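Visitor: I'm new to looking at proteins like this. Could you pick one part and take me through it slowly?

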Amino acid sequence: MSLYSSPAYGSIPAFTDGCDVTVISSNTGTEEAAAENLFDDNVYTEWKGDFNGTAEVVWEEKAPITVSAYCMANTSNVSAWPDQIPITWTLWGSGDNGATWNMIDHRENEPALVSEFYREHVFQIPGNAQAYQTYKLTIEDINRITAGGDYEAGTFGLSQFELYE
């Protein structure tokens with residue numbers, strides 16, 4: 001378990017790290033840029049793949065946790081290929097191993113990740129009281145709205161993801 005510390009949040013234990021997470025499925029990615037890279041505590045690796053309307057990863061925590069915030073880190077490509085950065089996504093939780101999903105947080109046209117490379121961004125989830133063991137991150141749009149050219153259009157990338165209780 002890693003620990004995130006910032007003036008705004010203090011010290012928050014990060015429960016989503018490589019030793020505590022089992023990736024169940026992903027609908028995109030490559031062997032070198034697999035979804036497992038989101039949870040390896042290494043900002044120099046990434047989950048990257050074709051973007052055909054949605055990209056999603058489903059994972060299981062060791063035990064149920066109630067999420068109060070999460071952290072996402074963009075990739076090294078942000079300055080060269082800003083159109084690959086996620087801007088709209090939803091975080092889901094499941095209490096029945098993915099048979100049904102409950103929305104925990106949704107961000108639309110979020111500009112935070114479109115910034116300097118390898119930067120971590122923390123997103124608070126006010127009022128979430130439900131603990132889940134199975135989670136899903138669905139990326140629903142990438143930064144096509146500010147893309148200045150045809151930089152591998154239809155490709156996305158994300159470096160890290162962590163949940164905070």
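This is a predicted model: local features need pLDDT of at least 70, side-chain atom pairs count only at pLDDT 80 or more; totals for chains, interfaces and linings use all residues.

Guide: β8 covers residues 102–107, and it pairs with β7 in the antiparallel sense over 5 bridges. Now look at β10: this strand also runs antiparallel to β7, and 8 bridges join the two. Over there, the bridge partner of L91 is L137.

What about β7 itself? It's mostly covered, with 8 of its 9 residues buried.

Next, the core. The largest nonpolar core has 28 residues, and L91 is among those with the most contacts inside it, along with V57, W59, Y70, Y135, F161 and L163. Several strands each supply at least two residues of this core, including β5 (55–66), β7 (86–94) and β12 (160–164). β10 gives the most, with 5 residues. If you skip the neighbours within four places in sequence, L91 is in contact with W59, Y70, Y135, F161 and L163, among others. Its contacts also include N102, M103, I104 and D105.

One more stop, T138, which sits in strand β10. T138 counts as buried because its relative accessibility is 7%, and the cut-off for buried is under 20%. Its side chain makes a polar contact of 3.3 Å with the side chain of W92. Leaving out residues up to four places away in sequence, T138 touches T88, W89, T90 and W92, and also T54, A55 and E56.

Key: Residues are numbered from 1 along each chain as its sequence is written. Side-chain values use heavy atoms; hydrogens and water are left out. A nonpolar core is a set of buried Ala, Val, Leu, Ile, Met, Phe, Trp, Tyr and Cys residues joined through side-chain atoms within 4.5 Å. Buried means under 20% relative accessible area, exposed over 50%, partly exposed in between (1.4 Å probe, protein chains only). Helices (H or I, at least four residues) and strands (E, at least two) are DSSP runs, numbered from the N terminus. Contact means heavy atoms within 4.5 Å. A polar contact is a pair of N or O atoms within 3.5 Å; within protein, one must be able to donate a hydrogen and the other to accept it, and residues adjacent in sequence count only if both atoms are side-chain atoms. Two strands pair if DSSP finds at least two bridges between them.
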